[in-house]
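Biologist: I'm new to this one. Can you put it up and walk me through it?
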Amino acid sequence: MLDAARATVTEALKRDTDHSDDLRKALLYERALVYEARSWKKRYRTALEQLYSTDPDYEDVAERLGM
């Protein structure tokens, strides 16, 4: 199921032009969680850093990054 979730979220992010900022952030966050579940640490951290750069107060991103 994790592969399907990653593919779905990634595809949704590719079609980013019509998404609200909130939806884009949610998709980035969900993709990070999929990376975490797959133990893809570098991708997980990169996804969180990307989200943090746009909204440092989003969910628990700062905490997950150890900030």
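Modeller: Let's begin with Y35. Y35 is buried, at a relative accessible area of 10%. Buried means under 20%, exposed over 50% and partly exposed in between, using a 1.4 Å probe and protein chains only.
Biologist: What sort of model is this?
Modeller: This is a predicted model, where local features need pLDDT of at least 70 and side-chain atom pairs count only at pLDDT 80 or more, while totals for chains, interfaces and linings use all residues. Residues are numbered from 1 along each chain as its sequence is written, and side-chain values use heavy atoms, with hydrogens and water left out.
Biologist: How many aromatic pairs does the structure hold?
Modeller: Two. Rings of Phe, Tyr and Trp (its six-membered ring) pair if their centres lie within 6.5 Å; planes under 30 degrees apart count as stacked, over 60 as edge-to-face and the rest as tilted.
Biologist: What kind of pair do Y29 and Y58 make?
Modeller: Their ring centres are 5.7 Å apart and the planes sit at 70°, so the pair is edge-to-face.
Biologist: Where are Y29 and Y58 in the chain?
Modeller: Y29 is in helix α2 (residues 21–37), and Y58 is in the loop between α3 (41–54) and α4 (61–64). Helices here are DSSP runs (H or I, at least four residues), numbered from the N terminus.
Biologist: Is Y58 buried or exposed?
Modeller: Buried, with a relative accessible area of 15%. Y29 is buried as well, at 9%.
Biologist: And what about Y35 and W40?
Modeller: Those ring centres are 5.9 Å apart with planes at 40°, so that pair is tilted. W40 is partly exposed, at 27%.
Biologist: Which residue lies over the face of W40?
Modeller: R43, at 4.9 Å from the ring centre. For that, NZ of Lys or CZ of Arg must be within 6 Å of the ring centre and within 35 degrees of the ring normal.
Biologist: New topic. How do α2 and α3 cross?
Modeller: Their axes come within 8 Å and cross at roughly 160°. Axes are lines fitted to C-alpha atoms, for helices over the stretch in contact, and angles run from 0 to 180 degrees between N-to-C directions. The two helices are therefore roughly antiparallel, a label for angles over 145 degrees.

Terms used: Parallel < 35°, antiparallel > 145°, perpendicular 65-115°, else oblique.
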